Amino acid sequence: MNALLTAEGLHKAYGPTFALAGADLQLYAGEILSVMGPSGSGKSTLLHCAAGLTTPDQGRVAYLGRVLSELDDVRRSALRRREFGFVFQFGQLVPELTALENVALPLRLDGVRRKPAEQRAAALLERLHLSDKAKARPGELSGGQQQRVAVARALVTEPKVIFADEPTGALDSVSGEQVMDLLTGAARRSGAAVVLVTHDARIAAYADRGIVVRDGRTPARAGIR
Amino acid sequence: MTIATAFLALLESRPRHGYDLKQAYDQHFGHDRPLHYGQVYTTLAKLLRNGLVTVDGDETSGGPDRKRYTVTEAGVTDVQRWLEEPETPQQYLQSNLYAKVIGALLTGRSAAAVLDAQRDEHLTAMRELTRRKGQGDLADRLICDHALFHLDADLRWLEHTAVHLDELAEQVRG
């Protein structure tokens, strides 16, 4: 089976500090892949490189045969908007916009008119049990509700891949579980693959398989002898 | 917890027939291991013999065994004692794992690989529990959560130990 997204031999340094030192990742259509590792291991940088948010110093990332570093900024941004969805630890919702407007935002940025964009956003909010919060601004929502809005926003473009970086890192265990149930349930229904970065094994357990990042590498398993 | 103790708790909630007891046990306590009828009646016989339950009804028209069982004062005391006594925290898994890590270091094998193999095993078990949780009712979810939190604690220990392996190797190899 061909991978949907492949990252090979990624290296990335910030000044004298290396974040990635030869990391690989393969993601197949419709799967949920966890990326685990201790703090500072490079797992978030790996996600950022794989999603085309950061350009690696070495190595390449290919999505459906297209090498991200060979696309110009406009094409790479368009690919991210249309094919990828994102959920970060702190929601990163626009504080001035309502929940509905936040969810509709990726569609609006992609040129979809307000009414159809907000209709799709409203349908997603309903699926995530947030219809009654459509007009609320992020500051009026709990942390768990904000993350559910972020999940809805990530899903609204019907992406092929959702990149989730510590999506429950700021939540208590019950809210975190709700967010994960909704995120993975919605992804499985829509057929989207998920790259799930987490340091929490209980969150990683929602994945179909996992890789571990250590010191910027994704080492192959060694034998005991 | 023994089957007998679970029966006493179920009978304290209300008197039951043997069949009802089995159903209630399977629902609340026997998620992976439903009782055989043989176990139900040997356990009840033992509880009767020890004066912890009595038979307060015998409806012979309803089937081969329609005896209704009620807990006695002594049975209630047993339930009380069981609930009051904290469980012994189980440390065995860590001890076994620790012994394997030391064994690998002593014999010049890769202790990191031992930890990696165990991490994979734990995560596989956690994925299965998470899948099961998604299909279950609240009782199932809480039982799975209990196992998941324990496995998570083991994994934290694995990560913690992985960080200290070089230092530990120096100590072990003297």
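Two strands count as paired if DSSP finds at least two bridges between them, and helices (H or I, at least four residues) and strands (E, at least two) are DSSP runs numbered from the N terminus. The model on screen is predicted, so local features need pLDDT of at least 70 and side-chain atom pairs count only at pLDDT 80 or more, while totals for chains, interfaces and linings use all residues. Residues are numbered from 1 along each chain as its sequence is written, and side-chain values use heavy atoms, with hydrogens and water left out.

**The sheet.** Select the five strands of chain A that form an open sheet in the order 6-7-8-3-9, with parallel pairing. Strand 6 (84-87) and strand 9 of chain A stand at the edges, each with a single partner strand, so one side of each has no neighbour in the sheet. Neighbouring strands here are turned by 20 degrees against each other on average, direction ignored.

In strand 9 (residues 209-212) of chain A, pick A:Ile211, which is buried at a relative accessible area of 18% (buried means under 20%, exposed over 50%, partly exposed in between, with a 1.4 Å probe and protein chains only). Leaving aside neighbours within four places in sequence, its contacts (heavy atoms within 4.5 Å) include A:Leu33, A:Val35, A:Leu46 and A:Thr218.

**Helices over the sheet.** Now show helix 5 of chain A, which lies across strand 6 and strand 7 and runs at about 170 degrees to strand 6 of chain A; axes are lines fitted to C-alpha atoms, for helices over the stretch in contact, and angles run from 0 to 180 degrees between N-to-C directions. Helix 1 (residues 43-50) of chain A lies across strands 3, 6, 7, 8 and 9, at about 155 degrees to strand 7 of chain A.

Terms used. Chains lettered and ligands numbered in written order.
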